[in-house]
Amino acid sequence: MSGSHGTFELLGQHGEHEQVVFCHNKDVGLKAIIAIHNTTLGPALGGTRMWNYRNEEEALVDVLRLSKGMTYKAAAAGLNLGGGKAVIIGDPKTMKTEGLFRAFGRFVNSLNGRYITAEDVGTTVREMEYVFMETSWVTGIPKAFGGSGDPSPYTAHGVLMGIKASAKEKLGADSLKGVRVAVQGLGNVGFHLVEYLATEGAEITVADIDMDKVKRVADRFNCRTVAPDQVIFADCDVLAPCALGAVINDQSIQKLNTKIVCGGANNQLAEARHGDMLRELGILYAPDYVTNAGGLMNVFVELEGYSPDRALDKTVQVYDNLMKVFAIAKRDGIGTHTAADRMAEERIATIGKLKQTHQGVSLRPFSTLKEMKNR
Ligand code: NAD
């Protein structure tokens with residue numbers, strides 16, 4: 001390690017990971033780290049991020065943090081999956097080659113299904129095809145290979161369910177008709193979310209830094225528009241961040257003009273304390289990783305043998321998952337962000353104990369797991 005901390009010191013600081021694998025192939029220039037955080041519920045699933053990290057320490061900290069996040073996300077989603085993640089150190093603009101990703105695929109394969117990969121920041125379906133040449137333990141592959149393709153419509157459908165649950169909890173509303181929703185970001189998730197919201201009869205306000213997207217969406221779905229730097233302060237019932245992380249921060253929080261924050265973006269709270277502040281302000285926060293789990297549910301269905309209908313059906317679960325989070329928050333007098341963590345930890349503890357009782361008996365994580373292995 002070239003950084004100032006030792007590897008084991010960093011491992012200790014960033015949670016109790018089961019296994020961390022350093023992958024190196026000099027011929028193709030591969031430097032990667034696979035982190036398996038927890039496999040109590042099932043194989044560790046998480047994407048492969050390719051990033052120009054400044055040093056190995058930065059890459060290790062990132063992969064440890066992200067893999068732990070996946071454990072919580074899968075557990076809160078009610079999936080039989082654990083948490084893992086991989087990072088490839090290098091510039092995704094210049095260093096992607098077939099050899100690099102196939103070498104990486106062989107390392108993934110060597111873990112025999114304890115880690116299942118997918119695309120993430122800096123990688124695309126194209127590179128997953130190379131990984132797939134070396135291992136079956138990869139999801140998010142093209143539809144032509146039996147994969148599930150673009151996860152965003154499923155993520156957006158899960159967010160819609162999250163907005164419905166939040167509206168029920170906070171506004172007592174059984175329908176989104178006339179509910180005022182402000183959507184920040186009209187990319188893959190935001191676009192599909194607006195489409196769903198329009199069908200539900202919501203009053204929609206949209207913003208994006210790309211004015212072409214704004215015009216296209218506003219014309220098609222009859223939305224109000226607002227400047228991108230103003231959307232989070234819009235007077236609305238639901239603020240749906242679908243662009244950047246850390247939108248709820250010291251600068252923005254006191255100026256929010258919403259009753260609910262519920263969107264698809266990752267890491268919406270700049271810091272955990274902002275979740276407590278939202279609670280004090282009487283704003284209901286639908287924790288991001290519970291709300292945006294539809295994409296993960298979609299790849300889980302891919303592991304079982306893909307069906308788009310079943311994937312869409314599964315994302316409806318986000319409604320009940322959030323209702324459980326809200327109930328735990330009330331039960332324990334805590335913020336919803338803490339309640340989500342608690343829900344995930346309680347599920348891992350319960351299922352973990354159950355597995356002790358049935359030691360040696362498979363809990364059948366996937367109906368077609370055997371088939372996957374033989375593919
Ligand atoms: P995307 O890149 O397709 O869309 C992001 C959009 O936000 C773009 O249109 C961009 O122009 C816009 N944007 C950027 N800065 C903005 C700003 N300051 N104000 C307003 N708009 C701005 O990304 P995506 O796939 O739609 O993902 C959106 C968020 O959801 C990300 O945080 C992502 O991590 C998260 N997420 C996505 C998925 C998925 O299935 N795609 C799953 C889980 C989480």
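**Entry 1: a pair across the chain**

I began with Arg114 and Glu18, whose side chains meet in a salt bridge at 3.2 Å, N to O. I count a salt bridge when a side-chain nitrogen of Lys or Arg lies within 4 Å of a carboxyl oxygen of Asp or Glu. The pair links distant parts of the chain, 96 residues apart. Arg114 sits in the loop between helix H3 (98-110) and strand E6 (115-116). Glu18 sits in the loop between helix H1 (7-13) and strand E1 (19-25). Helices (H or I, at least four residues) and strands (E, at least two) are DSSP runs, numbered from the N terminus.

I noted that this is a predicted model, where local features need pLDDT of at least 70 and side-chain atom pairs count only at pLDDT 80 or more, while totals for chains, interfaces and linings use all residues. Residues are numbered from 1 along each chain as its sequence is written, and side-chain values use heavy atoms, with hydrogens and water left out.

Next I looked up exposure. Buried means under 20% relative accessible area, exposed over 50%, and partly exposed in between (1.4 Å probe, protein chains only). Arg114 has 31% relative accessibility, so it counts as partly exposed. Glu18, at 39%, also counts as partly exposed.

**Entry 2: other salt bridges**

How many salt bridges does the structure hold? I found 24. Side chains of opposite charge can pair when their charged atoms come close.

Arg54 and Glu58 meet at 2.5 Å, N to O. Arg54 counts as exposed because its relative accessibility is 72%. Glu58, at 24%, is partly exposed.

Arg331 forms a salt bridge with Asp332, the closest N and O atoms being 2.7 Å apart. Asp332 is partly exposed, at 28% relative accessibility.

I also logged a network of salt bridges linking Glu98, Arg102, Arg106 and Glu134.

**Entry 3: the nonpolar cores**

I then turned to the cores. A nonpolar core is a set of buried Ala, Val, Leu, Ile, Met, Phe, Trp, Tyr and Cys residues joined through side-chain atoms within 4.5 Å.

The largest has 86 residues, and Ile163, Val183, Leu193 and Leu197 touch the most other members. Which helix gives the most to this core? Helix H5 (residues 152-171) does, with seven residues.

I checked Ile163 by contact (heavy atoms within 4.5 Å). Leaving out residues up to four places away in sequence, Ile163 touches Leu176, Val181, Leu193, Leu197, Val238, Ala240 and Cys262.

A second, separate core has 16 residues, including Ala182, Val231, Leu239 and Val247.
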